[in-house]
Each structure stands twice: as C-alpha cells, then as structure tokens.
Amino acid sequence: MAAKRNARAKKSAKTAGKAPARFKFDKSIGAQIIRYGKFVVDRGYIHNSLGNIAIRVACDGHPHGVAYTKHSGVSLEEMTMDNVVVTDIPTGKLIYGNVPTSVGHKLNREIFRLRPDVNAVIHVHHDETIAFLASKAFKEIKAVSLEYPYVMAKPAFIVPSHLDVEMDVDPLKDFVQGTNSLVMVRHGMTCFGRNVSEAYHRLNTLTSEVRRNLLIEQICALKKTKGEYLSQKDIDWMYGYAEDVIYPNKQ
Ligand SMILES: [Zn+2]
C-alpha cells in the first residue's frame, strides 16, 4: 500500500509543472465543418464570412469538451482545413490555431455550455426569414407541414429584437432549454442538434417552413382565403413523438 502511494507521489512529482500534453487536432472534425459548410453554401445561405458551424468534441482537461469552428475573416464558402480552429468552451481561449473566432462564437459556446445534449451548432443569415419577420406582418413562424414539429422537436424561439444574444449571451439561459433553434430578427438563425447532421436537418426544415409560410400567406392574400396551419394541440403531440418518427431504429 505504502509502495503504491510512493509510486503515485513520484509520478505526480514528475508531471508537476509540466505543460499539458499537446492538443491533438482531429482532421475528421474539421472535414465535417468543411462538408456541411459546402452544403449550406449550396443552399444559398452564406453570403460572407458571417455564417458558421461549431462542433463540440470531448477532450481531456476540458469538462465541457472543446469547440471546433471556422475562424473569423473567411467564409464557409472559401474556407479550407487551414481555417479550422479549436477553442475552449467556457472561456473561448484558442487551443488550436492562431486566428480568433468571430463574435458569434460566443453564442455557440454558451449553447454548448448550457445544453450538454447539443454537440453541433449552425448559424446562417437566411434571406426569407429576415424578410418575413421584417415585414412586420408576422410575429411567428407557424407550423404547417407534418415534418416541421417532428424534425425540430421543440418550437423555434424568436429572440426579441432588443436582445443581441451574440454580444450578450446572458439572457440565453432563460430560453435555450426549450428550443433547438433561435431566430434573430434582422439577423438570422442558429439551429442545434446532437450532431452536425441533426443541426443541419433542423436548419433546412426551419428555412423550408419559413418559405412555406411566405407562400401560403402570398397565395391567401391573392385568393382572399385563410391559411390552414397545424393546431397547437397537434404540434405538442408531435413534439412528443419526434424521436420515434425521426430515429425509429433507436427505439
Ligand atoms: Zn450572424
């Protein structure tokens, strides 16, 4: 027993004061950011350096894991593996790479910190959503398709326009548990999921539902009819079965 204790003491004396082991960059995570980055570019969601993807990966010495993302100053369209950086989650400190992240990464990190179930975040400035809400004719995105409640699993949260949750992430704690997508007026949207594929599917489903809302309202205005949306009762029931419908093999 004493010998064991001595060996342990020797070991900790040996490692004391040493720099932590060098961080090992995982190229496969960088490749996922580049791959899904091209997907959102192909869908017309990216116009400049201001859309982004962040993926959380477990890492020794970082209880929240670490976040892989694109650094500032380059777009998802232009980026290569050289533009992938890694940060700590609570502090934002760069663990890999030299170029800092954009201000929006603060929001990604706070989502990761508050939602241990979320491992991927996608943020884009989506044209139709910005236009739809800026029209002032509509205050919410209504569910019309059956896929919308199942894929989103939780209602989209429209962030009040007086809040800038990228600059000040503090209000996030009040609503981030109840949603998988934040819609920011005059700005864009952030969708999240357990992996990058789930975040991407939610992003596409939300943008589709916005386009459907726009189409319904345009046709209804022309034809003088009233759009038929899902009832709140149906939506709530569907949220409860989201997992069974989207991931039937996991049951
Ligand atoms: Zn943005």
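Tutor: Strand β5 is mostly covered: five of its five residues are buried. Strands (E, at least two residues) and helices (H or I, at least four) are DSSP runs, numbered from the N terminus. A residue counts as buried if 20 or more other C-beta atoms lie within 10 Å of its own, as exposed if 12 or fewer do, and as partly exposed in between, with C-beta atoms placed from the backbone. This is a predicted model, in which local features need pLDDT of at least 70 and side-chain atom pairs count only at pLDDT 80 or more, while totals for chains, interfaces and linings use all residues. Residues are numbered from 1 along each chain as its sequence is written.

From β5, Ala120, Ile122 and Val124 point one way, and Val121 and His123 point the other way; all are buried.

On to the neighbours in the sheet. Two strands pair if DSSP finds at least two bridges between them. β5 pairs with β1 in the antiparallel sense over four bridges, and Ala120 in β5 is the bridge partner of Ile55. With β8, β5 also pairs in the antiparallel sense, over five bridges; here Ile122 stands opposite Cys191 in β8. β8 in turn pairs with β7 (residues 181-184), antiparallel over four bridges, and Met184 is opposite Gly188 in β8.

The open sheet is formed by eight strands in the order β4-β3-β2-β1-β5-β8-β7-β6, with mixed pairing. Its edge strands, β4 (94-96) and β6 (157-159), each pair on one side only. From one strand to the next the twist averages 25 degrees, where axes are lines fitted to C-alpha atoms, for helices over the stretch in contact, and angles run from 0 to 180 degrees between N-to-C directions.

Helix α2 (residues 27-42) packs on this sheet and touches β1, β2, β3 and β5; its direction makes about 160 degrees with that of β1. Contact between two residues requires C-beta atoms, placed from the backbone, within 7 Å. β5 (120-124) is also among the elements covering the buried residues of α3, together with β1 (52-59), β2 (62-70), β3 (84-88) and β8 (188-193). Helix α3 (residues 105-114) has seven of its 10 residues buried, including Leu107, Ile111 and Phe112.

As for confidence, pLDDT is the predictor's own value for each residue, from 0 to 100. The protein chain has a mean pLDDT of 91, and 91% of its residues reach 70 or more. Over residues 9-19 the pLDDT is below 50, and this stretch has zero contacts in the model beyond near neighbours in sequence.
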